[in-house]
Amino acid sequence: MTRLIYPVFIAVALAACDSSPVETGLSDATRITIYCGTLIDGLADVPKSRQTVAIVDGRIESVADGAPDADGYIDLSEHTCLPGLIDTHTHIVEPADTADLSIYYTRSQDDEPVSAAATAAATLGAGFPTARNVGAYNGWAGRELRDRIKSGEIDGPRRQVAGYYRTIPGGGGDLVSPGYAEED
């Protein structure tokens with residue numbers, strides 16, 4: 001399995017090139033240089049043209065005007081680059097079939113890691129290298145997913161996680177479904 005070790009720009013850069021992530025053989029201590037035709041850095045009021053971004057150890061080290069001096073860079077001079085997005089309200093450990101909350105009465109906790117891994121990979125592939133999980137019915141599932149991503153077992157965004165929902169009876173995180181007794 002390919003582990004995306006440089007999540008800030010590369011996930012979006014590869015998507016811009018319509019490429020799939022490939023095994024690179026790069027380690028966490030690798031320098032990556034990207035030449036962007038247009039850069040939206042999230043700081044300036046307008047996009048910048050012809051910018052070189054240097055990434056070291058998976059973090060942006062510098063951004064400079066103009067093309068890189070050396071060979072061996074990723075040429076995105078015909079594309080727009082932007083930092084990876086951060087999704088601040090996710091429920092990645094909960095599968096897509098939860099519009100009907102009664103699914104939680106029939107799903108086993110063994111089903112959760114499989115659907116969570118698929119959702120995490122899709123989130124990363126959509127350009128979100130960081131995501132925050134704001135609660136789960138199986139409270140520590142978010143932490144388990146975070147640890148699996150961090151260890152390189154599965155691909156996914158960096159995670160900030162919360163445990164169980166904290167809510168009032170009948171509130172947003174209370175698992176109450178019409179037609180099912182609360183005691184079930």
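Modeller: Let's start at threonine 33 and ask who its partners are once the residues within four places in sequence are set aside: they are Thr52, Val53, Pro68, Tyr73 and Ile74. Please keep in mind that this is a predicted model. Threonine 33 sits in strand β1, and it counts as buried because its relative accessible area is 17%, under the cut-off of 20%.

One of those partners, Thr52, is worth a visit of its own. You will find threonine 52 in strand β2, which covers residues 48-56. Threonine 52 is buried too, since its relative accessible area is 11%. Again leaving out neighbours within four places in sequence, threonine 52 touches Thr33, Ile34 and Tyr35, along with Ser62, Val63, Ala64, Gly66, Ala67 and Pro68. With glycine 66 there is something particular to look for: the side chain of threonine 52 reaches the backbone oxygen of that glycine at 2.5 Å.

Now stay in strand β2 and turn to arginine 50, which is found there as well. Is arginine 50 buried or exposed? Arginine 50 counts as exposed, because its relative accessibility is 52% and the exposed class begins over 50%. Its backbone deserves a glance: phi is positive, about 45 degrees, although the residue is not a glycine. As background, most residues other than glycine have a negative phi.

Tyrosine 35 belongs to strand β1 (residues 31-39), while tyrosine 73 lies in the loop between β3 (59-65) and β4 (74-81), so the pair ties together parts that are 38 residues apart in sequence.

The protein chain has three helices and seven strands, and from the N terminus on they follow the order α-β-β-β-β-β-α-β-α-β. Of its 184 residues, 36% count as buried. Looking at contacts between residues at least 6 apart in sequence, 68% join residues at least 24 apart.

There are also nonpolar cores to find. The largest has 11 residues, among them Ile92, Val93, Ala116, Leu145 and Ile154. Helices α2 (112-125) and α3 (141-151) each supply at least two residues of this core. A second, separate core has eight residues, including Ile34, Leu39, Ile55 and Cys81. In soluble globular proteins, nonpolar side chains tend to be buried together.

Conventions: Residues are numbered from 1 along each chain as its sequence is written. This is a predicted model: local features need pLDDT of at least 70, side-chain atom pairs count only at pLDDT 80 or more; totals for chains, interfaces and linings use all residues. Side-chain values use heavy atoms; hydrogens and water are left out. Helices (H or I, at least four residues) and strands (E, at least two) are DSSP runs, numbered from the N terminus. Buried means under 20% relative accessible area, exposed over 50%, partly exposed in between (1.4 Å probe, protein chains only). Contact means heavy atoms within 4.5 Å. A nonpolar core is a set of buried Ala, Val, Leu, Ile, Met, Phe, Trp, Tyr and Cys residues joined through side-chain atoms within 4.5 Å. A polar contact is a pair of N or O atoms within 3.5 Å; within protein, one must be able to donate a hydrogen and the other to accept it, and residues adjacent in sequence count only if both atoms are side-chain atoms.
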